Amino acid sequence: MTATEHGFDPISDYDIFSPSYILDPFPVMDEIRESACPVAHTERWGGSWMPTRYADIVAVAQEHETFTSQQILVTAPPAAQAEGPYAGVAAPPISSDPPEHHWHRRLILPFFSPQAVAKFEDGTRELCNRLIDGFIDRGEADAAADYAQQIPVRVIATMLGVPTDMSDTFTGWVRGVLEAGLTDPKVRLESRLNILGYFKREIDDRKANPRDDDLITTLLHSEVDGERVPEDYVIGVCNLMLVAGVDTTWSSIGASLWHLAQHPEHRRQLRDDPELWPSAIEELLRAYAPVTMARIVGHDTEFQGCPMSAGDRVLMSFPAANRDPRQFDRPDEVILDREHNRHVAFGAGIHRCAGSNLARLELRVALQTFLARIPEFELVDPSAVTWAGGQVRGPRQCMVRF
Amino acid sequence: MRVRVDADACHGHQSCAIAAPEVFGADDYGNAVVLVEGDIPVELEAKVRRAEGNCPERAITIEG
């Protein structure tokens, strides 16, 4: 391929927000990965480096002293002074570096263990059935907007103890941070302040009226070394749970349905052999990993021959890692019973997605419920499917008929 | 066959428990624990090999 085919030179000028990259980033990733320079660089969108080989991306994730989490989105955040009282609020533990990272993470992990998230399974299945009830008689539906998008936001709202009937508002704020806001600083700032302001009010309300079995109340009463955790930490955790728990899982559900709509043989395999589900979920996560995270270089260093300076941004494209033929046999094929699958859809190292057990549960229940009620379905028009990309990749409009 | 998990390398992906739920589980923080004491029953060996091959952190060691 050449620069003109992509609209940019992949090695020295990639554009993660170009329409062709958002629609299908894999040709660009493949070209970079197989070139003499598998760590690409661009000056676009504030500048960044982009490794494309599995081993390099995992190394960036694991070398957290060199590749810090001072910033984690693919473009720079709003200026601190613009955030007023919320300038100190981050999204712990994803935005934390050691040593604080340790307690920031340890405090929330018990809420997301496999044992702890199991209690959300029945409610998630009821929710999925209710959504399907709403469109099954129409014979067609938007698998992304009418179904996938509606699920994780309600599960997270339930977990946090905030009203599920605010779901559309929450979704709008999250998209403001992770989609439109990445290239529009004004939208990003407004969305961020909406989220932080909302949780500040919810926290104030719980201080006056504590609730039972409510994650925000539990966090407020948490102690580390005999002291209550700071309120900014609690606001930050709520911020993270909303921002990281909605767009990501919804994208994964949507992309998996997009795939299954085009592969009747995979629908049949899952119907005939339900024991395939655990490996099938991992394979769909591998092939359609939604998330690209960023790191900030902590000190001048050389990485795979590239001179990186303190402050440089490095993108960790988990979709690129998961399609590296050095790690995965036939990486562009979905093989539901893939034997060895060290995929990094949830990242790797100390920042591995804390919510992965919940995400897997939602993905499995959403797909199982959909396939049980609607065994046969197909895309209405493959060319009409729209995608979001850059930070979180997944379909946003995906009409299917059944 | 025996199996152990390097607790420093494990970051709680739970890929092992998905591949071999009879052998691997999770502690309160979601990190992997080995549920089988001593030798792995022969009929579970293939699942344990699969678990080892699915760990993104390469935290699982098979002995024997």
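Pro93(A) sits in the loop that runs between β3 (67–68) and α6 (100–106) of chain A. The model you are looking at is a predicted one, so treat this report as a guided tour of a prediction. The bond that joins Pro92(A) and Pro93(A) is a cis peptide bond, with omega at about 5°.

## Positive phi in loops

Which residue has a positive phi of about 55° although it is not a glycine? That residue is Trp45(A), and you can find it in the loop between β1 (39–42) and β2 (48–51) of chain A. Is Trp45(A) buried, exposed or partly exposed? It is partly exposed, because 17 other C-beta atoms lie within 10 Å, and a residue needs 20 or more to be called buried.

Gln304(A) is not a glycine, yet its phi is positive, at about 50°. Look for Gln304(A) in the loop between β8 (301–303) and β9 (306–308) of chain A. Gln304(A) has 15 C-beta neighbours inside 10 Å, so it counts as partly exposed.

## A helix on the inside

Now turn to helix α10 (residues 151–160) of chain A. The rest of the structure largely encloses this helix, because 9 of its 10 residues are buried. The buried residues of α10(A) are Ile151(A), Pro152(A), Val153(A), Arg154(A), Val155(A), Ile156(A), Ala157(A), Met159(A) and Leu160(A).

What do the buried residues of α10(A) pack against? Their partners are α8 (121–135), α11 (167–178), α13 (215–220), α14 and α18 (356–373) of chain A. Just after α10(A) comes Gly161(A), with a positive phi of about 85°.

From C-alpha to C-alpha, Thr218(A) and Leu160(A) are 9.8 Å apart in space, while in sequence they are 58 residues apart. Thr218(A) is partly exposed, as 18 other C-beta atoms are within 10 Å.

Let us look at how helices of chain A meet. Helix α12 (residues 185–208) packs with helix α14 (residues 231–262) of chain A at an angle of about 125°, and their axes are 9 Å apart. This angle makes α12(A) oblique to α14(A). The crossing of α12(A) past α14(A) is right-handed. From α12(A), the contact is made by Ile195(A), Leu196(A), Phe199(A), Lys200(A) and Ile203(A); from α14(A), by Glu231(A), Val234(A), Ile235(A), Cys238(A), Asn239(A) and Leu242(A). By class, the residues of this contact are 8 nonpolar, 1 polar and 2 charged.

The other crossing pairs α8(A) with α18(A), which pack at an angle of about 40° with axes 9 Å apart. That makes α8(A) oblique to α18(A), and α8(A) passes α18(A) in a right-handed crossing. Residues of this contact include Glu121(A), Arg125(A) and Ile132(A) of α8(A), together with Leu361(A), Val365(A) and Phe370(A), among others, of α18(A). The contact of α8(A) with α18(A) has 6 nonpolar, 3 polar and 4 charged residues.

## A three-stranded sheet

Chain A also has an open sheet of 3 strands in the order β4-β14-β11, with antiparallel pairing. Which are the edge strands of this sheet? They are β4 (140–142) and β11 (378–379) of chain A, each of which pairs on one side only.

β11(A) pairs with strand β14 (residues 399–401) of chain A in the antiparallel sense, over 2 bridges. To see this pairing, find Leu379(A), which stands opposite Val400(A) in β14(A).

## Where the chains touch

How many residues of chain B are in contact with chain A? There are 16 of them, and they contact 22 residues of chain A. On chain B, both α1 (15–19) and α2 (45–54) supply at least two residues each to the side that touches chain A. α2(B) gives the most to that side, with 3 residues. The residues on the side of chain B that touches chain A are 6 nonpolar, 7 polar and 3 charged.

Methods: Residues are numbered from 1 along each chain as its sequence is written. Chains are lettered from A and ligands numbered from 1 in the order in which they are written. This is a predicted model: local features need pLDDT of at least 70, side-chain atom pairs count only at pLDDT 80 or more; totals for chains, interfaces and linings use all residues. Two residues are in contact if their C-beta atoms, placed from the backbone, lie within 7 Å. Helices (H or I, at least four residues) and strands (E, at least two) are DSSP runs, numbered from the N terminus. Ala, Val, Leu, Ile, Met, Phe, Trp, Tyr, Cys and Pro count as nonpolar, Asp, Glu, Lys and Arg as charged, and the others, Gly among them, as polar. Two strands pair if DSSP finds at least two bridges between them. Axes are lines fitted to C-alpha atoms, for helices over the stretch in contact, and angles run from 0 to 180 degrees between N-to-C directions. Angles under 35 degrees count as roughly parallel, over 145 as roughly antiparallel, 65 to 115 as roughly perpendicular and the rest as oblique. A crossing is left-handed if the near helix is turned anticlockwise from the far one by less than a right angle, and right-handed if clockwise. A residue is buried if 20 or more other C-beta atoms lie within 10 Å of its own, exposed if 12 or fewer, and partly exposed in between; C-beta atoms are placed from the backbone.
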